[in-house]
Amino acid sequence: EKAWERLTAAEQARDAAELRLHRQAEKAVTATRVVGDDHATIAAAAPARQSLEVKRAQKKISEMFKADEEDQKAKADAAAEKRRLQDEADKHQAQGKKRLAAAQKVMKERDEELRVIEQEQFDAQAKRLLQLKKSVVKISNAVHAQNERRRKKQQALEMAQEQEKKDLLSQGFNPYEVFRRRELEEKQEQEKIRAAAMKQMRAEQLLERLGKEDEALRVDEKKRQVEKAEAKAFQREMNGNERRRKVTEYMQKVTIGGQEILDPTRSAIRIDPSKVSLQVTNAFGLGRAEPEIVGLMEGKVTRSLKRLDAAEEKVVDEFQGLQVPQDDDDGEAGEGRTDGGEKFWEPKLSKLEQQYMSQAMERQKNNITSVQRCWGKEFKGDAFLAKPS
(Lines give C-alpha, C1' and ligand atoms only; values in the text may rest on other atoms or scores of the structure.)
Protein backbone atom coordinates (compact mmCIF):
# COMPACT_ATOMS: atom_id res chain seq x y z
CA GLU A 1 0.00 0.00 0.00
CA LYS A 2 2.84 2.41 0.78
CA ALA A 3 4.46 1.61 -2.56
CA TRP A 4 1.25 2.36 -4.36
CA GLU A 5 0.90 5.57 -2.39
CA ARG A 6 4.41 6.59 -3.34
CA LEU A 7 3.64 5.70 -6.98
CA THR A 8 0.44 7.80 -6.89
CA ALA A 9 2.32 10.70 -5.35
CA ALA A 10 4.96 10.45 -8.06
CA GLU A 11 2.32 10.50 -10.80
CA GLN A 12 0.68 13.52 -9.20
CA ALA A 13 4.04 15.29 -9.05
CA ARG A 14 4.61 14.45 -12.70
CA ASP A 15 1.23 15.90 -13.70
CA ALA A 16 1.94 19.05 -11.71
CA ALA A 17 5.29 19.39 -13.42
CA GLU A 18 3.73 19.03 -16.85
CA LEU A 19 1.19 21.67 -15.91
CA ARG A 20 3.94 23.98 -14.78
CA LEU A 21 5.80 23.34 -18.06
CA HIS A 22 2.76 24.35 -20.09
CA ARG A 23 2.47 27.53 -18.06
CA GLN A 24 6.16 28.34 -18.44
CA ALA A 25 5.93 27.65 -22.25
CA GLU A 26 3.49 30.53 -22.50
CA LYS A 27 5.89 32.87 -20.73
CA ALA A 28 9.10 32.32 -22.69
CA VAL A 29 10.31 30.45 -25.72
CA THR A 30 13.73 29.90 -24.24
CA ALA A 31 12.28 28.64 -21.12
CA THR A 32 10.06 26.46 -23.30
CA ARG A 33 13.05 24.87 -24.94
CA VAL A 34 14.72 24.37 -21.59
CA VAL A 35 11.53 23.09 -20.15
CA GLY A 36 11.17 20.84 -23.21
CA ASP A 37 14.62 19.48 -22.59
CA ASP A 38 13.80 18.99 -18.93
CA HIS A 39 10.54 17.40 -19.89
CA ALA A 40 12.34 15.02 -22.20
CA THR A 41 14.80 14.21 -19.46
CA ILE A 42 12.04 13.74 -16.93
CA ALA A 43 9.98 11.77 -19.44
CA ALA A 44 12.98 9.49 -20.05
CA ALA A 45 13.75 9.08 -16.33
CA ALA A 46 10.17 8.66 -15.17
CA PRO A 47 9.60 5.18 -16.72
CA ALA A 48 12.91 3.93 -15.30
CA ARG A 49 12.03 5.39 -11.93
CA GLN A 50 8.56 3.97 -12.23
CA SER A 51 9.95 0.57 -13.20
CA LEU A 52 12.42 0.71 -10.30
CA GLU A 53 9.68 1.67 -7.87
CA VAL A 54 7.44 -1.09 -9.22
CA LYS A 55 10.23 -3.63 -8.84
CA ARG A 56 10.95 -2.38 -5.33
CA ALA A 57 7.26 -2.56 -4.47
CA GLN A 58 6.99 -6.07 -5.92
CA LYS A 59 10.09 -7.08 -4.00
CA LYS A 60 8.64 -5.68 -0.78
CA ILE A 61 5.37 -7.43 -1.45
CA SER A 62 7.13 -10.74 -2.19
CA GLU A 63 9.20 -10.33 0.95
CA MET A 64 6.05 -9.65 2.93
CA PHE A 65 4.35 -12.69 1.40
CA LYS A 66 7.48 -14.76 2.06
CA ALA A 67 7.64 -13.49 5.64
CA ASP A 68 3.97 -14.29 6.08
CA GLU A 69 4.52 -17.77 4.62
CA GLU A 70 7.53 -18.34 6.87
CA ASP A 71 5.59 -17.07 9.86
CA GLN A 72 2.69 -19.36 9.02
CA LYS A 73 5.11 -22.25 8.42
CA ALA A 74 6.84 -21.54 11.73
CA LYS A 75 3.51 -21.42 13.50
CA ALA A 76 2.48 -24.68 11.79
CA ASP A 77 5.81 -26.29 12.74
CA ALA A 78 5.44 -25.04 16.31
CA ALA A 79 1.89 -26.40 16.45
CA ALA A 80 3.05 -29.73 14.97
CA GLU A 81 5.94 -29.90 17.45
CA LYS A 82 3.57 -29.07 20.25
CA ARG A 83 1.19 -31.79 19.12
CA ARG A 84 4.10 -34.23 18.80
CA LEU A 85 5.34 -33.36 22.27
CA GLN A 86 1.84 -33.70 23.62
CA ASP A 87 1.47 -37.09 21.90
CA GLU A 88 4.83 -38.21 23.28
CA ALA A 89 3.86 -36.95 26.72
CA ASP A 90 0.52 -38.78 26.51
CA LYS A 91 2.27 -41.96 25.30
CA HIS A 92 4.91 -41.84 28.04
CA GLN A 93 2.26 -40.97 30.59
CA ALA A 94 0.27 -44.01 29.51
CA GLN A 95 3.40 -46.15 29.68
CA GLY A 96 4.19 -44.68 33.07
CA LYS A 97 0.69 -45.50 34.25
CA LYS A 98 1.12 -49.06 32.99
CA ARG A 99 4.49 -49.38 34.74
CA LEU A 100 3.04 -47.87 37.87
CA ALA A 101 0.11 -50.27 37.75
CA ALA A 102 2.48 -53.21 37.24
CA ALA A 103 4.73 -51.99 40.07
CA GLN A 104 1.72 -51.48 42.32
CA LYS A 105 0.53 -54.98 41.45
CA VAL A 106 3.95 -56.41 42.31
CA MET A 107 4.05 -54.37 45.51
CA LYS A 108 0.58 -55.59 46.43
CA GLU A 109 1.65 -59.17 45.80
CA ARG A 110 4.79 -58.63 47.88
CA ASP A 111 2.77 -56.95 50.60
CA GLU A 112 0.42 -59.91 50.57
CA GLU A 113 3.35 -62.32 50.74
CA LEU A 114 4.90 -60.23 53.50
CA ARG A 115 1.61 -60.23 55.38
CA VAL A 116 1.38 -64.00 55.02
CA ILE A 117 4.98 -64.39 56.18
CA GLU A 118 4.39 -62.05 59.12
CA GLN A 119 1.26 -64.00 60.02
CA GLU A 120 3.19 -67.26 59.78
CA GLN A 121 6.00 -65.80 61.90
CA PHE A 122 3.46 -64.53 64.40
CA ASP A 123 1.77 -67.94 64.52
CA ALA A 124 5.15 -69.67 64.84
CA GLN A 125 6.22 -67.27 67.59
CA ALA A 126 2.93 -67.75 69.37
CA LYS A 127 3.33 -71.50 69.01
CA ARG A 128 6.87 -71.28 70.36
CA LEU A 129 5.69 -69.15 73.26
CA LEU A 130 2.92 -71.64 74.02
CA GLN A 131 5.40 -74.48 73.76
CA LEU A 132 7.81 -72.57 75.98
CA LYS A 133 5.09 -71.93 78.50
CA LYS A 134 4.10 -75.59 78.36
CA SER A 135 7.75 -76.62 78.81
CA VAL A 136 8.18 -74.15 81.67
CA VAL A 137 5.08 -75.47 83.38
CA LYS A 138 6.21 -79.04 82.82
CA ILE A 139 9.71 -78.36 84.12
CA SER A 140 8.31 -76.38 87.03
CA ASN A 141 6.02 -79.25 87.91
CA ALA A 142 8.92 -81.69 87.58
CA VAL A 143 11.12 -79.49 89.77
CA HIS A 144 8.36 -79.14 92.36
CA ALA A 145 7.77 -82.89 92.30
CA GLN A 146 11.50 -83.55 92.62
CA ASN A 147 11.78 -81.05 95.45
CA GLU A 148 8.81 -82.62 97.14
CA ARG A 149 10.34 -86.09 96.82
CA ARG A 150 13.64 -84.76 98.09
CA ARG A 151 11.85 -83.06 100.98
CA LYS A 152 9.97 -86.23 101.87
CA LYS A 153 13.16 -88.26 101.55
CA GLN A 154 15.01 -85.77 103.74
CA GLN A 155 12.16 -85.78 106.21
CA ALA A 156 12.16 -89.58 106.29
CA LEU A 157 15.95 -89.53 106.70
CA GLU A 158 15.70 -87.02 109.53
CA MET A 159 13.04 -89.12 111.21
CA ALA A 160 15.20 -92.22 110.78
CA GLN A 161 18.22 -90.34 112.13
CA GLU A 162 16.16 -89.10 115.04
CA GLN A 163 15.01 -92.61 115.80
CA GLU A 164 18.59 -93.89 115.36
CA LYS A 165 19.79 -91.08 117.58
CA LYS A 166 17.38 -92.18 120.32
CA ASP A 167 18.52 -95.79 119.93
CA LEU A 168 22.20 -94.79 120.10
CA LEU A 169 21.59 -92.67 123.19
CA SER A 170 19.77 -95.54 124.82
CA GLN A 171 22.76 -97.79 124.02
CA GLY A 172 25.23 -95.24 125.42
CA PHE A 173 26.85 -94.14 122.10
CA ASN A 174 27.43 -90.64 120.81
CA PRO A 175 25.06 -90.25 117.82
CA TYR A 176 26.92 -87.21 116.38
CA GLU A 177 30.18 -89.18 116.29
CA VAL A 178 28.47 -92.07 114.51
CA PHE A 179 26.83 -89.78 111.97
CA ARG A 180 30.08 -87.88 111.36
CA ARG A 181 32.05 -91.10 110.85
CA ARG A 182 29.44 -92.31 108.36
CA GLU A 183 29.60 -89.01 106.46
CA LEU A 184 33.41 -89.15 106.28
CA GLU A 185 33.29 -92.72 104.96
CA GLU A 186 30.88 -91.67 102.21
CA LYS A 187 33.15 -88.76 101.23
CA GLN A 188 36.18 -91.06 101.13
CA GLU A 189 34.33 -93.46 98.84
CA GLN A 190 33.41 -90.59 96.50
CA GLU A 191 37.02 -89.37 96.48
CA LYS A 192 38.21 -92.86 95.57
CA ILE A 193 35.77 -93.03 92.65
CA ARG A 194 36.83 -89.54 91.47
CA ALA A 195 40.54 -90.44 91.71
CA ALA A 196 40.01 -93.62 89.69
CA ALA A 197 38.18 -91.66 86.99
CA MET A 198 40.98 -89.04 86.84
CA LYS A 199 43.59 -91.80 86.62
CA GLN A 200 41.73 -93.40 83.73
CA MET A 201 41.43 -90.05 81.95
CA ARG A 202 45.16 -89.29 82.42
CA ALA A 203 46.03 -92.74 81.07
CA GLU A 204 43.90 -92.14 77.97
CA GLN A 205 45.51 -88.71 77.41
CA LEU A 206 48.95 -90.24 77.81
CA LEU A 207 48.14 -92.94 75.24
CA GLU A 208 46.85 -90.33 72.82
CA ARG A 209 49.98 -88.19 73.27
CA LEU A 210 52.22 -91.24 72.76
CA GLY A 211 50.31 -92.12 69.58
CA LYS A 212 50.83 -88.60 68.19
CA GLU A 213 54.53 -88.71 69.06
CA ASP A 214 54.91 -92.10 67.38
CA GLU A 215 53.17 -90.75 64.25
CA ALA A 216 55.49 -87.72 64.20
CA LEU A 217 58.52 -89.98 64.64
CA ARG A 218 57.38 -92.17 61.74
CA VAL A 219 56.95 -89.12 59.51
CA ASP A 220 60.40 -87.83 60.47
CA GLU A 221 61.91 -91.25 59.81
CA LYS A 222 60.32 -91.35 56.35
CA LYS A 223 61.68 -87.88 55.61
CA ARG A 224 65.16 -88.93 56.74
CA GLN A 225 64.96 -92.03 54.56
CA VAL A 226 63.93 -89.95 51.55
CA GLU A 227 66.74 -87.46 52.17
CA LYS A 228 69.24 -90.31 52.55
CA ALA A 229 68.05 -91.88 49.28
CA GLU A 230 68.33 -88.51 47.51
CA ALA A 231 71.85 -88.03 48.86
CA LYS A 232 72.86 -91.50 47.66
CA ALA A 233 71.36 -90.82 44.23
CA PHE A 234 73.22 -87.52 44.06
CA GLN A 235 76.50 -89.25 44.93
CA ARG A 236 75.88 -91.86 42.22
CA GLU A 237 75.16 -89.18 39.63
CA MET A 238 78.35 -87.29 40.33
CA ASN A 239 80.36 -89.74 38.16
CA GLY A 240 79.55 -90.90 34.62
CA ASN A 241 79.21 -94.62 35.33
CA GLU A 242 75.62 -94.37 36.54
CA ARG A 243 74.66 -92.26 33.58
CA ARG A 244 76.30 -94.66 31.14
CA ARG A 245 74.56 -97.59 32.85
CA LYS A 246 71.17 -95.92 32.39
CA VAL A 247 71.89 -95.20 28.74
CA THR A 248 72.94 -98.83 28.22
CA GLU A 249 69.77 -100.15 29.88
CA TYR A 250 67.65 -97.79 27.82
CA MET A 251 69.27 -98.93 24.55
CA GLN A 252 68.83 -102.59 25.47
CA LYS A 253 65.22 -101.87 26.35
CA VAL A 254 64.14 -100.12 23.12
CA THR A 255 66.18 -102.10 20.55
CA ILE A 256 64.87 -105.30 19.02
CA GLY A 257 67.81 -107.53 19.88
CA GLY A 258 68.66 -105.81 23.15
CA GLN A 259 71.75 -104.31 21.53
CA GLU A 260 73.84 -101.80 23.40
CA ILE A 261 75.53 -100.40 20.26
CA LEU A 262 73.65 -100.29 16.95
CA ASP A 263 76.65 -100.37 14.60
CA PRO A 264 79.80 -101.39 16.48
CA THR A 265 81.84 -101.89 13.26
CA ARG A 266 80.57 -98.65 11.68
CA SER A 267 80.05 -100.43 8.38
CA ALA A 268 76.34 -99.66 7.93
CA ILE A 269 75.60 -97.00 5.37
CA ARG A 270 72.20 -96.19 6.82
CA ILE A 271 70.40 -97.09 10.05
CA ASP A 272 66.59 -97.10 9.89
CA PRO A 273 64.79 -96.75 13.26
CA SER A 274 62.13 -99.25 12.15
CA LYS A 275 64.83 -101.90 11.65
CA VAL A 276 66.44 -101.63 15.07
CA SER A 277 63.42 -100.76 17.27
CA LEU A 278 59.77 -101.67 17.48
CA GLN A 279 57.49 -99.14 15.75
CA VAL A 280 53.70 -99.18 16.07
CA THR A 281 52.10 -99.03 12.63
CA ASN A 282 48.52 -98.90 11.35
CA ALA A 283 48.41 -102.71 11.46
CA PHE A 284 48.03 -102.51 15.23
CA GLY A 285 44.37 -102.63 16.18
CA LEU A 286 43.39 -104.53 13.02
CA GLY A 287 44.63 -107.93 14.23
CA ARG A 288 47.66 -107.90 11.91
CA ALA A 289 50.32 -106.61 14.29
CA GLU A 290 53.38 -108.67 15.14
CA PRO A 291 53.63 -110.36 18.55
CA GLU A 292 56.52 -108.07 19.51
CA ILE A 293 54.34 -105.01 18.89
CA VAL A 294 51.50 -106.53 20.92
CA GLY A 295 53.90 -107.26 23.80
CA LEU A 296 55.25 -103.70 23.62
CA MET A 297 51.76 -102.21 23.84
CA GLU A 298 50.82 -104.58 26.69
CA GLY A 299 53.90 -103.38 28.57
CA LYS A 300 52.90 -99.75 27.97
CA VAL A 301 49.38 -100.40 29.24
CA THR A 302 50.72 -102.21 32.31
CA ARG A 303 53.10 -99.40 33.14
CA SER A 304 50.34 -96.82 32.63
CA LEU A 305 48.04 -98.75 34.99
CA LYS A 306 50.82 -98.92 37.58
CA ARG A 307 51.36 -95.19 37.34
CA LEU A 308 47.62 -94.56 37.68
CA ASP A 309 47.43 -96.80 40.74
CA ALA A 310 50.43 -95.06 42.27
CA ALA A 311 48.85 -91.66 41.57
CA GLU A 312 45.55 -92.74 43.14
CA GLU A 313 47.38 -94.04 46.22
CA LYS A 314 49.28 -90.78 46.47
CA VAL A 315 46.05 -88.76 46.25
CA VAL A 316 44.46 -90.92 48.95
CA ASP A 317 47.53 -90.57 51.18
CA GLU A 318 47.58 -86.78 50.70
CA PHE A 319 43.88 -86.63 51.49
CA GLN A 320 44.49 -88.50 54.71
CA GLY A 321 47.36 -86.15 55.59
CA LEU A 322 50.15 -88.66 54.93
CA GLN A 323 52.92 -87.65 52.54
CA VAL A 324 54.18 -90.95 51.09
CA PRO A 325 56.90 -90.52 48.41
CA GLN A 326 56.33 -92.54 45.24
CA ASP A 327 59.32 -94.00 43.37
CA ASP A 328 59.57 -94.48 39.60
CA ASP A 329 58.79 -97.83 38.01
CA ASP A 330 62.42 -98.68 37.45
CA GLY A 331 63.66 -97.10 40.69
CA GLU A 332 66.12 -94.85 38.85
CA ALA A 333 66.51 -91.12 39.19
CA GLY A 334 65.76 -89.28 35.99
CA GLU A 335 63.26 -87.18 34.14
CA GLY A 336 60.93 -88.41 31.41
CA ARG A 337 58.63 -87.22 28.72
CA THR A 338 55.40 -88.83 27.61
CA ASP A 339 54.58 -89.70 24.03
CA GLY A 340 51.22 -91.38 23.50
CA GLY A 341 51.15 -92.75 27.07
CA GLU A 342 54.72 -94.17 26.98
CA LYS A 343 57.36 -92.68 29.26
CA PHE A 344 60.75 -92.30 27.61
CA TRP A 345 63.67 -92.03 29.98
CA GLU A 346 65.87 -88.95 29.78
CA PRO A 347 69.02 -88.52 31.85
CA LYS A 348 68.65 -86.19 34.80
CA LEU A 349 71.53 -83.78 35.16
CA SER A 350 73.15 -83.31 38.53
CA LYS A 351 73.32 -79.90 40.19
CA LEU A 352 76.93 -79.38 39.07
CA GLU A 353 76.06 -80.44 35.50
CA GLN A 354 73.05 -78.13 35.46
CA GLN A 355 75.26 -75.24 36.60
CA TYR A 356 77.84 -76.01 33.90
CA MET A 357 75.09 -76.32 31.30
CA SER A 358 73.58 -72.92 32.19
CA GLN A 359 77.02 -71.27 32.08
CA ALA A 360 77.76 -72.85 28.68
CA MET A 361 74.41 -71.69 27.30
CA GLU A 362 75.08 -68.15 28.54
CA ARG A 363 78.53 -68.15 26.91
CA GLN A 364 77.04 -69.46 23.67
CA LYS A 365 74.37 -66.77 23.74
CA ASN A 366 76.91 -64.01 24.35
CA ASN A 367 79.08 -65.41 21.57
CA ILE A 368 76.48 -65.55 18.80
CA THR A 369 74.28 -62.59 19.82
CA SER A 370 75.69 -59.12 19.22
CA VAL A 371 74.55 -55.72 17.97
CA GLN A 372 74.86 -55.31 14.19
CA ARG A 373 75.99 -51.88 13.03
CA CYS A 374 76.29 -50.45 9.52
CA TRP A 375 77.95 -47.07 8.98
CA GLY A 376 77.67 -46.31 12.67
CA LYS A 377 73.91 -47.08 12.80
CA GLU A 378 72.40 -50.00 14.70
CA PHE A 379 70.56 -52.51 12.52
CA LYS A 380 67.17 -53.52 14.01
CA GLY A 381 65.75 -55.75 11.27
CA ASP A 382 66.07 -59.50 10.61
CA ALA A 383 69.55 -60.94 10.83
CA PHE A 384 71.29 -61.64 7.52
CA LEU A 385 74.57 -62.80 6.02
CA ALA A 386 76.29 -60.40 3.64
CA LYS A 387 76.88 -61.73 0.12
CA PRO A 388 79.63 -61.23 -0.89
CA SER A 389 81.16 -61.16 2.56
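**The second largest pocket**

By class, the residues lining the second largest pocket comprise six nonpolar, one polar and five charged; here Ala, Val, Leu, Ile, Met, Phe, Trp, Tyr, Cys and Pro count as nonpolar, Asp, Glu, Lys and Arg as charged, and the others, Gly among them, as polar. The model is predicted, so to speak of local features requires pLDDT of at least 70, side-chain atom pairs count only at pLDDT 80 or more, and totals for chains, interfaces and linings use all residues. Residues are numbered from 1 along each chain as its sequence is written, and side-chain values use heavy atoms, with hydrogens and water left out.

Select Arg6, Leu7, Ala10, Glu11, Ala13, Arg14, Ile42, Ala45, Ala46, Arg49, Gln50 and Glu53 to display the lining. A pocket is an open set of points on a 1 Å grid over the protein atoms alone, where a 1.4 Å probe fits, with protein on both sides within 12 Å along at least five of seven lines; lining residues have an atom within 4 Å of a point. The space in this pocket is about 290 Å³, a volume being that filled by probe spheres set on the points, which are joined across faces, edges and corners.

Next, colour helix 1 (2–27) and helix 2 (29–171), each of which contributes at least two lining residues. Helices (H or I, at least four residues) and strands (E, at least two) are DSSP runs, numbered from the N terminus.

**Ala43**

Move to Ala43, in helix 2.

**Ser350**

Now select Ser350, in the loop between strand 2 (342–346) and helix 7 (351–368). Ser350 counts as buried because its relative accessibility is 4%. Apart from neighbours within four places in sequence, Ser350 is in contact (heavy atoms within 4.5 Å) with Phe234 and Glu237.

**The whole chain**

Finally, colour by pLDDT, the predictor's confidence in each residue, from 0 to 100. The chain has a mean of 79, and 86% of its residues reach 70 or more. Over residues 321–342, pLDDT stays under 50. The chain holds seven helices and four strands, and 7% of its 389 residues count as buried.

Terms used:
Buried means under 20% relative accessible area, exposed over 50%, partly exposed in between (1.4 Å probe, protein chains only).
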